[in-house]
Amino acid sequence: MRQTPYRTILTVLTAVWVLTLTSCDAVVPAHEEDIVIEAWLDTGQELPAVRITSTNALGSPLSASPLESPARVELDVAGSRIAYLPASGDPLRYLPQPGTTVRPEAGDRFELRVEHEGRESTALGRMPSMIRLTDISVLAASEPTPVVLLDSLNLGLDSLALDVNATTGFMYPVQVSVSWEDNGEDDWIEARLKPSSEFSSSLIDFFLLPSQVFPESSAEPGAGGVRTWQGVYALPVAAADTPMPEHSLNVILIRGDDRFAQFATSRNTPERREPISNVNGGLGFVGGISVDSLRVNVSR
Amino acid sequence: MLIRIALLLLFAILALSEAEAQTIRLQFRDTPVSEALQSYTEESGVDVVYSPLLVAGLRTSCRYRGTSERDALICIMSGHPFRVDAISRRQAVLIPLVDNEPSDPGDPTGILSGFVVDGASGEALHGAHVILPGVGSGAVTNEAGFFAFPGLGSRPVSVVVTYLGYSRLDTTVTASSSFRRFALDPATFLVSGVVVEEEAERRADLTITPGLISVSSRELQQLPGTFGNTDVLESLKWLPGVQRTGEATGGLLVRGSGPDQNLYLIDGAPIYHPWHAFSLISTFQTDTFKDVSLYRGAFPAEFGGRLSAVLDAELRDGSRDEPSATIEVSGLNASFLMESPISDRSSFMLSGRRSYIDRLIGRTHPVEDASGRRDTLRTGYYFYDWSAKFSFRPDSRSSVSVSWYAGQDVLDLRLPFDLSLDFNSWLRPADLFFEVDQSWGNRILSTRYQRLLTSRLFLSTVLFHSEYRARENTFIRPSQTSAVASDYSVDLEDTGLRVVLDWYPSLAHQVRVGAETVRHRFGSDLDALVDYTPTLSEPLVQSSQTTTTEASVFIQDIWTPGPTVRVFPGVRASVFGKGGYVRIAPRLSVQWAIDPTWLIIRGAASSHVQYLQRIRDRNAFLYDLVSSRWVPVGSGADPARSSQFSLGAESHVLPRTILRVNGFVRAGRGTLLPEDEFQSKDGLLGPGIEVATLLGQYDSGEERSRGIELGMETRSDRWTLIGSFTRMRSENRIIESHPQPWRPSRFDTPRAFTVVVAREGNRWELGTSIDWRSGYPVSVPSARYQLEDPVSGETTWYYHRPELNNGRLPAYFRMDIRAAYRFRMAQAQWSTGLTIYNLINHRNVVSQSWDPSRPEARPDNRLGLPLLPMLDVVIDL
C-alpha cells in the first residue's frame with residue numbers, strides 16, 4: 001500500500017508533540033549549605049576577626065546567616081597556633097583568644113583552619129611587606145563636563161537589543177596621583193579612589209579609572225624608590241554651571257599576592273559571577289594584605 | 001497549543017495545494033515506451049520526436065495526473081537515459097543522455113570509465129553514484145565527475161547512475177569502451193503529478209562514504225534558509241546531529257563539537273570565517289554551488305586539520321548549454337547569478353550578492369541643531385559576496401578551472417551614545433558619541449587542474465590562496481575630557497598546493513593518494529589609547545606575526561571485497577612546522593549491506609588532528625569583538641586531537657523513504673577551554689593580543705560526546721519531508737593543572753528535533769519547519785552569600801554557582817513558514833515568496849543573568865527574535 005504523505009506528516013508531528021511534552025531538561029540545583037570564611041591579615045597589625053557565615057538558600061531573606069553551631073577555628077602564623085573563639089554579641093565573628101599578641105610580619109606564611117560539623121575548611125597565604133603611602137596629589141577640572149552615563153556596553157543581535165541604555169549628565173573629572181614605597185617584590189596592588197559615597201556612580205566610572213588592580217612592577221617608578229599610580233574619579237553634578245562640591249576622598253592602597261589579585265578583580269561584577277576563592281572546602285577569602293589609606297578633603 | 005497551530009497550518013497547506021487543476025491522466029505498468037509515447041501524444045496533443053531504435057526494448061511504469069505536458073512526458077521517460085526538450089508548444093524531443101560513441105578507442109582490458117554530468121548545464125557532478133548491479137560494484141565520482149571500473153571484460157553491463165536532486169539513469173553499455181559521459185536530468189523533483197512506479201529506488205547505496213551527507217544545490221534550495229535566503233549552512237542544520245550555536249546566528253555544531261572544529265572549503269581552499277551579518281547568514285550562498293558535501297566525524301584521509309567535520313563545497317562550473325541569469329531580492333540582500341558557455345570548451349559563472357539596508361536607511365546623515373551646529377552621523381552596514389569560476393577543457397582528458405571568491409562585511413557607525421529605538425532622537429549633533437569602523441572578510445583564489453593520465457589514473461591538483469582579514473577601528477567620546485581609540489587588525493593567509501592521484505587498479509580497489517602543503521601566516525596588530533583626562537592616558541601597542549608550514553600526505557583505499565561489503569581504510573600523516581609536531585591519523589570505515597532494501601550497516605573509526613585553534617581575548621571591549629583570531633599550536637598549546645567511533649544503519653523499507661539511525665562516541669584532547677568561564681569582556685583594555693597572552697586565558701582541556709541520531713527523509717512527486725531527532729550529550733573539562741569534573745559543554749543539547757515539510761506545486765511552493773531543542777546549559781546558582789570589603793566593611797551579595805553549566809535555559813521552539821508563487825512575466829520565470837520567521841512569535845530565552853542584590857532570586861531573561869516576515873523575489877531570465 002502506498003504511504004500517503006499526510007500519514008507520514010501526522011506521524012512526525014505526533015512524534016514532535018510526544019518529544020516536546022515528555023522532555024524536560026530544566027534543573028534546579030539543590031541548596032547545600034556551604035561555609036563562607038573571610039579574614040584579612042594585615043602586615044604588622046593585630047590579628048583580625050574571622051567572619052564565618054553560611055550560604056543562604058535562594059528563597060531566604062537577604063541577611064547574613066551565622067552557623068547553626070559554633071565552629072572550631074585555628075590560625076597558624078609566625079610559628080604560633082592561635083585559637084579563635086566566637087565573639088560575644090556578634091554570631092558572625094570569631095576573635096583570637098584573649099592575650100594574643102602575635103602580629104604577622106612580611107614573609108610570614110599562614111594557614112587558617114575551620115572545622116564545622118565534621119568538615120574542615122582551610123586557607124593558606126603569605127604576608128606581603130608593609131605598604132606606605134608617600135604622596136598624593138589631586139587635580140580637579142575647573143568646570144563640569146558633559147558625560148555619558150553608562151555602566152557597560154551590552155548589545156545583542158539575537159534580541160535586537162540595540163538600546164545602549166545610556167543617558168547624559170555632568171561631572172567634574174578629578175585626577176589623583178598616588179605614590180608609595182616600592183618593596184621590589186613581585187606583588188600586586190589594588191588602588192582605590194573612594195569619594196564620599198553620595199558621589200559614587202558606576203554609570204560614570206566605566207570610562208574612567210577610579211580603581212585598578214595591577215602588578216606593582218608595572219607602576220611608574222620614581223625617584224627615591226617610589227612607584228606612582230594615577231587614577232581618575234568622577235564627581236557627578238546636576239548641571240553645567242554647578243560648582244564643584246567640597247568632598248572627602250579616601251585613597252586606599254592594598255598590597256597582596258596573585259591570589260589576592262584574582263579575588264580583587266573578580267569581586268566587582270556580582271551580577272555575573274562570584275569572587276575567586278582561596279578557601280578549600282568553603283567559600284570566601286582569607287588574605288594576607290597590607291593596607292594604607294588616607295582621607296583628604298577636596299575643594300575648588 | 002503550538003502543536004495545534006502547526007497542525008492547522010499544515011492542513012491549510014494541504015488544502016491549498018490540492019486545489020490545483022488536473023487535465024492529463026496517464027497510467028502505465030511495464031508498458032513499452034513507444035506505446036506509452038503514443039498514448040501520451042493522444043492524450044496531450046504533443047508530438048514527440050525520438051529515435052525508435054533508441055527506445056526499442058525500453059519499458060515504463062508510471063502514473064501521472066496533472067496539467068503539464070512536459071511533466072507527463074518526463075514521467076514516461078523517468079529512469080531512462082533521455083532528456084526532454086521542448087521544441088515548440090506542441091512538439092517535444094527526446095535527447096539521449098548517454099554518449100554511446102566513445103570519444104577514445106576502447107580499452108582492451110575492459111575498463112568502463114567516464115564522467116557524470118548535469119544534463120542541462122554540462123557541469124561535472126561530484127559525488128554521483130555509478131552502480132553496476134550485475135557486477136555488484138559501485139563507485140562515487142570524484143571532483144571531476146570521473147569514475148572507473150577496470151576488469152569488466154568486453155561484455156555489456158547495466159549501469160545505474162544516481163545523484164540527489166537528479167533523475168536516476170538506467171542504461172546498458174559495453175564495458176570495452178571507455179570515456180562514457182552520463183548526463184543526469186535535473187528535473188525529477190520539480191516535476192509535478194508524477195508517480196514513477198519502480199521498486200529499484202528502494203535500495204541502499206553502498207558507495208556512500210560513511211558520515212558523508214552529500215546535498216546538491218538543487219536539493220538545498222528546497223530546504224528553508226534564514227529570512228528568505230537560501231543558505232547552505234542554515235539548510236544543513238535540518239540534518240541529524242547538526243545545529244547552529246545561536247538562535248539565528250552562530251557557527252555550525254556537528255555532533256557536539258565546537259564551532260571552530262569544522263573545516264570549510266570552497267573549491268578546495270579553506271575559508272576561516274564563513275559568516276556575514278554577525279553570523280546571521282553564511283558566505284555559502286546556495287545557488288552558487290553545484291554540490292555540497294558535509295562529512296561528519298569520519299571524514300576521509302584527504303581531509304585534515306579539523307577535529308569534527310568538513311564542509312566541501314564546489315562552485316558551479318557555469319552552464320555549457322546556454323546562457324542563463326537569475327536575480328533574487330530577499331529581505332536582507334539582493335543577488336544575481338549568471339552563467340554561460342564561452343566556447344565549446346569553456347564556460348563561466350559569476351555571482352554577486354549585497355545587502356541593501358544601508359541603501360534604505362542611508363549611510364550618512366548630515367544633521368544640524370538649532371544653534372546651527374553641524375555634524376554627520378553614520379549608520380552604514382553592508383556585506384557583499386563575489387563568486388566567479390572559469391572552466392576550460394583543453395581536451396577530453398583534462399580540465400582547468402579558476403575559482404575566485406571575495407566577501408566582506410563593513411560596519412561604519414557614528415552615533416550619539418544615548419541612542420535608542422527612537423530614531424528621531426539620533427538626528428542631532430552629538431558631543432558624546434561613538435564611532436565604529438569595522439570590516440571583516442575572506443578572499444579565495446583557487447586553480448584546479450585535472451587530467452585523466454590513463455584510464456586507471458586520474459590526477460587532480462589544487463593551488464590555492466586564502467585570506468581572512470578583519471579590521472576594528474573604534475573611537476569613543478564618553479565625555480568632553482576623555483576619549484578611547486583603538487585600531488585592531490587580524491590577518492590570516494594560507495597558500496597551499498594539494499596533489500591527488502586516483503588509481504583504479506581493479507574492481508576491488510580504488511586508491512586515492514595525495515600530498516598537501518600549506519603555508520600559514522598569522523598577523524595581528526593593536527594600537528589603542530585610552531585618554532582618561534587630557535593629561536592621563538593609557539596606551540597599548542602590540543604586534544604579533546607568525547609564519548609556519550603544515551604538510552601532509554595521505555592514502556585512502558576503497559576496497560570492495562564482495563558485493564555487499566565495502567571497506568574504506570586510510571591514513572593521514574602530517575607535520576606542523578611550529579613546534580615540529582608530527583601526527584599520524586588513521587581512519588577506517590566499513591559498510592555492509594545485509595539487505596540492500598531492508599538494512600545496511602555503516603561503521604567508522606577515525607582520528608583527527610587540529611593545529612589551529614580559534615581564541616578570543618576575554619577581557620577587552622575595545623578590540624577582538626567581531627574578528628576570528630586563529631592561532632597556531634606551539635605557543636603554549638599542543639595540537640588538539642580527537643577520535644570518533646560511529647555505527648549506523650539505513651533502511652529503504654518504506655517507499656520513497658530513507659530511514660537512518662546513527663550512534664557515535666567522540667573524545668578529544670588538547671582543545672582550549674577558558675581558564676575562567678565567568679570572565680567576559682567587561683573592561684576597555686585587556687592584557688593584549690600576544691598569542692602567549694591570549695593562550696594564558698585558556699587551559700588545555702578534554703571533551704567527549706556521544707549520541708544517537710534518527711533521521712527520516714521522504715520525497716515524493718511533490719512532497720519533501722525531512723525529520724531528525726538527536727539524543728546527545730557533550731561534555732568537557734580542564735585538565736591542565738589537575739583534572740576537573742566533567743561538565744556539560746557550552747552548547748550541549750541532549751535533545752533536538754527538527755522537521756521540514758515542503759510541497760512543490762505547479763505554481764505554489766509551500767513549506768514549514770519546526771526547530772525544537774533542549775535549552776543550552778547555564779550555570780544556575782544554588783545559594784547566596786555575603787562578603788565584606790577588607791577596608792570599608794561594605795557588604796556585597798553574590799550568587800554561588802557550585803558547578804558550571806548545571807542548569808539549562810528553557811527549551812527552544814520555533815516554527816517558520818514559507819509560501820512562494822511562481823509565474824511567467826515579461827519572458828522570465830518569476831517567483832515571489834513570503835517567509836515568516838517565528839510564526840507564533842514564541843520569544844525564546846537566549847540567555848539569563850542574575851542580580852544577587854534583588855531580594856527575590858530569579859533570573860532576568862534575554863529574549864530572542866520575535867515574529868519577522870520577509871519577502872523575496874527571484875527572477876530567472
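Helix 2 of chain B and helix 4 of chain B cross in the right-handed sense (a crossing is right-handed if the near helix is turned clockwise from the far one by less than a right angle, left-handed if anticlockwise). Helices (H or I, at least four residues) and strands (E, at least two) are DSSP runs, numbered from the N terminus.

This is a predicted model: local features need pLDDT of at least 70, side-chain atom pairs count only at pLDDT 80 or more, and totals for chains, interfaces and linings use all residues. Residues are numbered from 1 along each chain as its sequence is written, chains are lettered from A and ligands numbered from 1 in the order in which they are written, and side-chain values use heavy atoms, without hydrogens and water.

**Exercise: helix packing**

Describe how helix 2 and helix 4 of chain B pack.

*Solution.* Start with the geometry. Helix 2 (residues 33–44) of chain B packs on helix 4 (residues 69–77) of chain B at about 165°, with the axes 10 Å apart. Axes are lines fitted to C-alpha atoms, for helices over the stretch in contact, and angles run from 0 to 180 degrees between N-to-C directions. That angle makes helix 2 of chain B roughly antiparallel to helix 4 of chain B (over 145 degrees).

Next, the contact (heavy atoms within 4.5 Å). Helix 2 of chain B contributes residues including Leu37(B) and Tyr40(B), and helix 4 of chain B residues including Leu73(B) and Ile76(B). The contact residues divide into eight nonpolar, one polar and two charged (Ala, Val, Leu, Ile, Met, Phe, Trp, Tyr, Cys and Pro count as nonpolar, Asp, Glu, Lys and Arg as charged, the others, Gly among them, as polar).

**Exercise: a four-stranded sheet**

Find the strand order of the open sheet in chain B that has four strands.

*Solution.* The order is 8-7-10-11, with antiparallel pairing. Strands pair if DSSP finds at least two bridges between them. Strand 8 (137–140) and strand 11 (169–174) of chain B each have a single partner strand, so one side of each lacks a neighbour in the sheet. The twist averages 25° from one strand to the next. Now take one pairing. Strand 10 (residues 156–162) of chain B joins strand 11 of chain B over six bridges. Val157(B) stands opposite Val173(B) in strand 11 of chain B.

Which strands form the open sheet of three strands?

*Solution.* The order is 3(A)-47(B)-48(B), antiparallel. Strand 3 (56–57) of chain A and strand 48 (795–800) of chain B are the edges. Six bridges join strand 47 (residues 783–788) of chain B to strand 48 of chain B.

Methods. Angles under 35 degrees count as roughly parallel, over 145 as roughly antiparallel, 65 to 115 as roughly perpendicular and the rest as oblique.
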